[in-house]
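This briefing is meant to be read beside the sequence and the 3D structure. Please keep both in view while working through the points.

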Amino acid sequence: MNDIASRLTAVRDRIAAACRAADRDPADVRLLPVSKTKPSELVRAAAAAGCDRFGENMVQEARRKARELADVPGLSWAIIGHLQTNKAKYLPEFAAEFQALDSLALATELDRRFAAAGRTLDVLIEVNSSGENSKFGLPPAEVPGFAAALHPFEALRVRGLMTIASRDRAARDFAETAALRDRLRGTDGLPGSYDELSMGMSGDFEEAIAHGATCVRVGTAIFGSRAARPV
Ligand SMILES: *Cc1c(COP(=O)(O)O)cnc(C)c1O
């Protein structure tokens, strides 16, 4: 087994163990490998080891890799980082999912671009559960109103919430985001399924699974550490 394959096995084992500990079905937790800053050849190795969707946080980089890996059957891409509205136009070419929705202007532009391309996009609303200024996403209190305003968007499939927890109070952030997701899922008439809860990264995904995560976004534990760069 190559490095990537053995690290993937280790991460999958940890996910399975966290699911057992939380009395959850591992089939209910999806692993989204995060390949940002890493070369396409490592993504190719991960695809060969059974991964079919990858998370990236920079549009140009994701587009380049999607082109470089166009020969890999069944590969799809998720943008997981903040997106400027003027870059929405690049997504229909390669993106299947966007996990950082945080403004109506962006939703409007994504909807327009995907509708024009005859495609749909799965979207998750990003919640700033930690309240840290350095993080993107909507404050939790604004999420219900925002969710209700997503009615007119026919090319967008609203699937749930995404959050990045604070380092020191991750359990609190995960619990609050999970409660918010449950509340939205139980709200009549809201557009979207709210079956997705994307939370947990290399350093905290076990705890996120304990709090109900359905998608964990794991970079470093699979692809190794990254050179510092603004994210
Ligand atoms: C980079 C990134 C990850 C992965 O982080 P690791 O700590 O390397 O696992 C997850 N989510 C988002 C939004 C990211 O930008």
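The model is predicted. A search of the whole structure finds 1 aromatic pair, and strand β1 pairs with β8 in the parallel sense.

**Ligand site**

- Ser-202 places a polar side-chain atom 2.5 Å from an oxygen atom of the ligand.

**Strands β1 and β8**

- Strand β1 (residues 30-33) and strand β8 (residues 215-218) are joined in the parallel sense over 4 bridges.
- Within this pairing, Arg-30 has Cys-215 of β8 as its bridge partner.
- Strand β8 is covered on both faces: Cys-215 and Arg-217 are buried on one side, and Val-216 and Val-218 are buried on the other.

**Aromatic pair**

- The 1 aromatic pair found in the whole structure is formed by Phe-54 and Trp-77, which are tilted, with 5.9 Å centre to centre and 40° between the planes.
- Phe-54 belongs to strand β2 (residues 53-56) and Trp-77 to strand β3 (residues 76-79), so the contact ties together parts that are 23 residues apart in sequence.
- Phe-54 counts as buried because its relative accessibility is 0%, below the 20% cut-off.
- Trp-77 likewise counts as buried, with a relative accessibility of 3%.

**Loop between β1 and α2**

- Ser-35 lies in the loop between β1 and α2 (40-48) and is buried, at a relative accessible area of 0%.
- The side chain of Ser-35 makes a polar contact of 2.7 Å with the side chain of Glu-56.
- Thr-37 is found in this loop and is partly exposed, with a relative accessible area of 31%.
- Pro-39 also lies in the loop and is partly exposed, at 45% relative accessible area.
- The C-alpha atoms of Pro-39 and Thr-214 are separated by 27 Å, and the two residues are 175 residues apart along the chain.

**Backbone angles**

- Most residues other than glycine have a negative phi.
- Thr-37 has a positive phi of about 70° although it is not a glycine.
- Asp-23 has a positive phi, near 60°, and is likewise a residue other than glycine.
- Asp-23 is located in the loop between α1 (3-21) and β1, where it counts as exposed at 74% relative accessibility.

**Strand β4**

- Phe-98 lies in strand β4 (residues 95-101) and counts as buried, at 0% relative accessibility.
- From Phe-98 to Leu-32 the C-alpha to C-alpha distance is 12 Å, while the two residues are 66 residues apart in sequence.

Terms used:
Residues numbered from 1 in each chain as written. Predicted model: local features only at pLDDT ≥ 70, side-chain atom pairs only at ≥ 80, totals over all residues. Heavy atoms only, no water. Polar contact = N/O pair within 3.5 Å; in protein donor to acceptor, adjacent residues only side chain to side chain. Phe/Tyr/Trp six-rings, centres within 6.5 Å; stacked < 30°, edge-to-face > 60°. Helix = DSSP H or I, 4+ residues; strand = E, 2+ residues; numbered from the N terminus. Buried < 20%, exposed > 50% of the residue type's maximum accessible area, 1.4 Å probe, protein only. Pairing = 2+ DSSP bridges.
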